[in-house]
Amino acid sequence: MSWMETLRTSFDAIRSHRLRSGLTMLGILIGIAAVILTVGLGEGAQQQVASAINSLGTNLLVVSPGSTTTGGVRGGQGSSSALTVSDATALSSKVAAPDIAAVAPTTSRSTALTAGSTNWTTSVVGTTPAWQSVRARTLSEGRFLTEQDLTSDAAVTVLAATTAQELFGGADPVGRTVAIGSTPFTVVGVLASAGNSAAQNEDDQAVVPISTAADRLFGGSTRTSVQSIYLEATSSDTLSAAYQEANQLLLNLHHVTDPAAADFTIASQQSLLSTATSVSKTLTILLGGVAALSLLVGGIGVMNIMLVSVTERIREIGLRKALGASPVVIRRQFLVEASVLGLAGGLLGAALGVIGALTLPQLISSTITISPTATAAAILTSIAIGLAFGVYPASRAARLAPIDALRSE
Amino acid sequence: MTLDMTAPLPTAGDTAGPVIDISEVRKVYKTGALEVEALRGITLRIEQGEYVAIMGPSGSGKSTLMHILGCLDVATTGTYLLAGEDVSGLTEAELAVIRNRRIGFVFQQFNLLPSLTAWRNVELPLCYAGVAKAERKQRALEVLARVGLGDRVEHKPTELSGGQQSRVALARALVNKPALILADEPTGALDSKSTADVLSVFADLHAAGHTIVLITHEEDVAEHAERTVRLHDGLISSDARRTGGVFA
């Protein structure tokens, strides 16, 4: 009996029990759709996080005060061992840290901005001109901060795209005045949008010279302290060298002899990325596991139905054997039937999964990535499930003695 | 109803010897600790072209004998030469090939597959023999025409009368040009008119040179055969040849 013939016989058998076959397929269908959707959700979330972190800049290191290791009585983040402007200055030294290309200390605070009668509360960031290259930002209008602004405590600001839009609507903000707190600042430039993938606040901030921020906006004890220092390595190859230099320099400056007791943390994009993705990875594995379980249940459904089918068609099997079907041919027929059930469920499940991946993001605010490899693998899995769970029923059919099969009523 | 007498005769194996040659065949069934000896030493020869009825009350072993003759079951001891070929020690897969090539079955309930049309039912043995699709259909249609169902080939079994169903079953038995036609109570499920109809087809097949073995418990059906073998308690109690009978 040829393969085509076997396949046709299987289709006949499946067609003659439409409801039962349909319900059996449903188990596989739901399993496959669930696997495709959860894997897609997980991958989508990871890509979102990755692009958000990548949009921070390239070859970036972030120095934050406080330590991840909480030893003894030492204070945590924001304690007396804060980073200072002088730390940033030391890190800019080409002699002590040749692999650090640029240093941007930042300090920020949420402040109300007023332009005419429009109010907008946003994050005001005090930093240096190096910030633009370190954070890899471009300007859509005007200019960025200059060294001149820094040394002269100039009351100038560069607005991010959303902030400019909120304060001035469609009008050109360059040259206009905006009051930060109660101090009037001149808008000298507007940052281009960081793109869709970036975190929301990247497009909603006002950048001012760090000296101006310290003297005229924040004042007080925060005058010389900074919240974080962004470092840019000269290239991706020198990233770890830059990390070592920064670490050593800051340890010396802060008079810390034990590296484990450092009162600061240096994070690279890679470490930020791996922390963020490990969470979503765990979630994906968890959800994928549940989906895989439902696939297993679907497979058991196939086995159940095939066993029922063998019992119900015992006379047919006997007749086919009497007419010359060998055990191998009978086994093959039932295996093909089970895999056709699996494949049909898999194809429908993949279709449902893809439709879900295309429509769900419009209902919930998350990206679902359809992975062609995962989809193909899911369809192959569905055939494999049909085959694997068809083996036992098929060999039961093949083992039936023809007379026992013919005799049964 | 007539048959095409010019149709080629079936080949009865490589030798010109008897179609069936069994000697000292015993069959023991084991059910738990109990052993039942269904056949207690049967020796029987059936020559090519014979029309034999096997009779016996229930429990006489006639069904067991039919299963062994049809290669659906194997004897516990004894030898069986089918068309000159020893089939006593064959595996299930090898027996399947023998059944397919040498034997045409007609079962009591006809055992037609309800989801298939008449000609699809008839071509089944050819499917398992590996015959190409076009030839299968052609041969199935030919045989259906021979049994007088040329105009019913696309009907499903439920759309056919009992007599017509039995003819489809006959066509299926004939399609592979078997050495032996083995019929198990072929009239058991039929009214008297259909019974006469089926028996006339058997008579035509016999006249055309086919070897027919018919298992029955009806005397008037057995009378149509030229030889009657009676079984009793697993042994042959009589083996009578009718000479100068209806068909001689």
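First, the ground rules. This is a predicted model, in which local features need pLDDT of at least 70 and side-chain atom pairs count only at pLDDT 80 or more, while totals for chains, interfaces and linings use all residues. Residues are numbered from 1 along each chain as its sequence is written, chains are lettered from A and ligands numbered from 1 in the order in which they are written, and side-chain values use heavy atoms, with hydrogens and water left out.

Chain A has 13 helices and twelve strands; helices (H or I, at least four residues) and strands (E, at least two) are DSSP runs, numbered from the N terminus. Its radius of gyration is 33 Å, well over the 22 Å that the globule rule gives for 409 residues, so chain A is more spread out than a compact globule. That radius is taken over C-alpha atoms, and the rule is 2.2 Å times the number of residues to the power 0.38. Along the principal axes, the C-alpha atoms of chain A fill a box of roughly 105 × 55 × 35 Å.

Chain A is divided into domain 1 (3-52 + 275-407) and domain 2 (82-253), with bounds from an automatic or database domain assignment. The C-alpha centres of these two domains lie 56 Å apart.

Now to burial. Of the 409 residues of chain A, 49% count as buried. Buried means under 20% relative accessible area, exposed over 50%, and partly exposed in between (1.4 Å probe, protein chains only). Helix α10 (residues 314-322) of chain A is mostly covered, with eight of its nine residues buried. Among them are the charged residues Glu316(A), Arg320(A) and Lys321(A). After α10(A) comes Gly324(A), which has a positive phi near 120°.

What do Leu19(A), Leu23(A), Leu26(A) and Ile30(A) form on the surface? The four make up a nonpolar patch, with about 410 Å² of accessible area together. Patches are made of residues with over 30% relative accessible area and no salt bridge; like charges are joined within 9 Å, nonpolar side chains (Val, Leu, Ile, Met, Phe, Trp, Tyr) within 5 Å. Areas come from the Shrake-Rupley method with a 1.4 Å probe, and for residues only the protein chains shown count as cover. Leu19(A) sits in helix α2 (residues 18-54) of chain A, and at 66% relative accessibility it counts as exposed.

In one of them, Arg20(A) pairs with Glu312(A), the closest N and O atoms being 3.2 Å apart. Arg20(A) lies in helix α2 and Glu312(A) in helix α9 (residues 269-312), so the pair ties together parts that are 292 residues apart in sequence. Glu312(A) is partly exposed, at 46% relative accessible area.

In chain B, Glu50(B) and Arg227(B) meet in a salt bridge at 3.1 Å, N to O. Glu50(B) is in the loop between β2 (34-46) and β3 (51-55), and Arg227(B) is in strand β9 (residues 227-232), 177 residues apart. Both Glu50(B) and Arg227(B) are buried.

Arg136(B) forms a salt bridge with Glu123(B), at 3.0 Å between the closest N and O atoms. Arg136(B) is buried at 5% relative accessible area, and Glu123(B) is buried at 1%. Both residues belong to a network of salt bridges that also links Glu5(A), Arg8(A), Asp12(A), Arg15(A) and Arg120(B).

Methods: Salt bridge = Lys/Arg side-chain N within 4 Å of Asp/Glu carboxyl O.
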